[in-house]
Amino acid sequence: MANVAVIGAQWGDEGKGKVVDWLASRADIVVRFQGGHNAGHTLVVDNTTYKLSLLPSGVVRGKLGLIGNGVVLDPEALFSEIEKVRAQGLDVGPHNLRIAENTPLILPLHPALDRAREAARGQDKIGTTGRGIGPAYEDKVGRRSIRVCDLAEPETLSFKLDELLLHHNSLLKGLGAEPFEKQPLLDRLLELAPKLLPYATPVWEVLEQARRDGKRVLFEGAQAVMLDVDHGTYPYVTSSNTVAGNAAAGAGVGPGSIGLVLGIAKAYSTRVGSGPFPSELHDDIGKRLGERGHEFGTVTGRPRRCGWFDAAMVRQAVKIGGVDGIVLTKLDVLDGLDELKICVGYKLNGQVVKHLPPAMKAQIACEPVFETLKGWPGSTRGARSYAELPAEAVKYVRRIEELVEAPVMMLSTSPDRDDTIALKDPFAG
């Protein structure tokens with residue numbers, strides 16, 4: 001059986017939740033492989049809306065959910081989310097949710113440092129969620145992390161907290177924030193240990209057995225390629241690698257196990273927080289896209305910036321992210337517009353370039369080069385086949401395929417899970 005990896009092909013918030021839910025119904029196991037509770041997926045199932053940040057989307061479908069070692073895990077946020085979905089009728093526990101033993105933990109000092117740094121940046125804020133994701137990843141590469149497995153060793157936990165506080169309290173004091181005391185942190189971790197450890201397992205071994213048994217695995221990415229810490233619009237990025245290649249390292253499998261890679265992209269562009277956005281609209285059309293698309297962050301509630309579809313950026317994401325096919329979402333938001341524009345490149349220093357440069361000032365200086373297409377008077381909302389789409393909508397989709405150099409394998413035409421045009425079964429390989 002083929003596996004599937006789902007990643008964002010823009011700046012996140014592309015509607016991955018619905019797509020992952022649709023795919024999860026066809027998978028046996030769903031794995032989160034990076035990010036933290038700074039990313040949100042919204043799923044609408046039988047008129048019930050689930051807002052997930054840490055839980056793999058498969059738990060809504062009764063599938064086995066795995067949180068891989070590439071995630072940074074806030075145990076308080078996890079248990080809060082579990083209680084929330086239990087109140088909505090979902091059964092979540094160690095029987096259907098497992099967490100990699102070597103997953104790094106987010107502690108209260110991480111969001112404290114995150115917020116203190118953002119405050120110190122003033123006008124130059126990156127736009128983080130303030131949830132401690134970045135500082136937790138810093139500790140991981142700095143070899144200071146407290147991981148899930150450490151909760152089973154109180155002496156190790158105590159020793160590691162000494163090292164962690166030596167580092168973080170120095171930074172917090174320098175930023176004018178309150179330092180942390182060891183004992184309350186240690187007591188809380190020891191209190192959480194018996195709740196969290198039953199979920200701990202060698203996820204890599206679960207996935208190896210799944211491979212032997214021929215089970216279908218869905219790798220669920222958070223954020224998107226243009227927020228990748230290496231390949232995105234740095235420094236206005238997240239703190240992990242969001243590309244499909246990281247599914248292997250972040251879950252504990254070989255690269256050959258990733259399978260087909262789907263890149264999710266809206267039929268227009270949005271971005272939350274700071275950073276360059278060449279095709280951004282500051283007019284009534286941008287406002288209309290935001291209103292019709294209900295463009296507010298799932299986790300933060302912040303309004304998203306809106307703009308025309310940026311084919312040059314998505315093509316870049318396709319190449320870097322290893323995307324085999326595109327899932328185009330929210331096509332219905334464009335219904336009724338007289339004309340549409342697609343960004344096909346950027347003017348920079350008197351030349352036209354086809355990709356966003358890595359340097360910060362160069363990114364900001366990029367001016368969009370637009371191609372204009374006719375809009376369509378009819379509705380695409382709820383369409384479940386190409387035959388139900390207006391002719392100009394089909395032309396728009398075909399032009400996107402040409403420009404991003406990847407086929408559109410699925411189209412989403414409303415938030416409803418079944419309002420999906422699937423041109424190919426991704427699990428067919």
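Helices are taken as DSSP runs of H or I with at least four residues, numbered from the N terminus. In the predicted model described here, one such run is helix α10, which covers residues 311-321 and includes Gln316. The relative accessibility of Gln316 is 12%, and this residue is therefore classed as buried, the limit being under 20%. A polar atom of the Gln316 side chain is placed 2.8 Å from the backbone nitrogen of Leu356. When residues up to four places away in sequence are not counted, Gln316 touches Met226 and His355 as well as Leu356.

The domain assignment of the chain gives three segments of interest. Domain 1 is made up of residues 3-101 together with 199-262, domain 2 of residues 108-197, and domain 3 of residues 265-422. Between the C-alpha centres of domain 2 and domain 3 the separation is 37 Å. Contact between these two domains involves 6 residues of domain 2 and 4 residues of domain 3.

Strand β8, formed by residues 217-220, is covered on both of its faces.

The positions annotated as "active site" were examined next. An unreviewed UniProt entry lists Asp13, His41 and Lys140 under this heading. These positions span 128 residues in sequence, and the two C-alpha atoms that lie farthest from each other are 26.0 Å apart, so the listed residues do not all gather at one spot. Asp13 is located in the loop that runs between β1 and α1 (16-24). Its relative accessible area is 23%, and Asp13 is partly exposed. Beyond its neighbours within four places in sequence, Asp13 is in contact with Lys266, Thr270, Val272 and Arg304. Lys140, by contrast, is part of helix α4, which comprises residues 133-141. With a relative accessibility of 33%, Lys140 also counts as partly exposed. The contacts of Lys140, again leaving aside neighbours within four places in sequence, are with Asn69, Gly70, Pro104 and Ser145.

The structure holds 0 disulfides. For Cys306, the closest cysteine sulfur belongs to Cys343 and lies 16 Å from the sulfur of Cys306, which is too far for a bond; a disulfide would need the two sulfur atoms to be within 2.5 Å. Cys306 is buried, with a relative accessibility of 4%. Cys149, on the other hand, has a relative accessible area of 30% and is partly exposed.

Note on methods: Residues numbered from 1 in each chain as written. Predicted model: local features only at pLDDT ≥ 70, side-chain atom pairs only at ≥ 80, totals over all residues. Heavy atoms only, no water. Buried < 20%, exposed > 50% of the residue type's maximum accessible area, 1.4 Å probe, protein only. Helix = DSSP H or I, 4+ residues; strand = E, 2+ residues; numbered from the N terminus. Polar contact = N/O pair within 3.5 Å; in protein donor to acceptor, adjacent residues only side chain to side chain. Contact = heavy atoms within 4.5 Å. UniProt positions renumbered as here; feature names shortened; annotations may be inferred. Domains from an automatic or database assignment.
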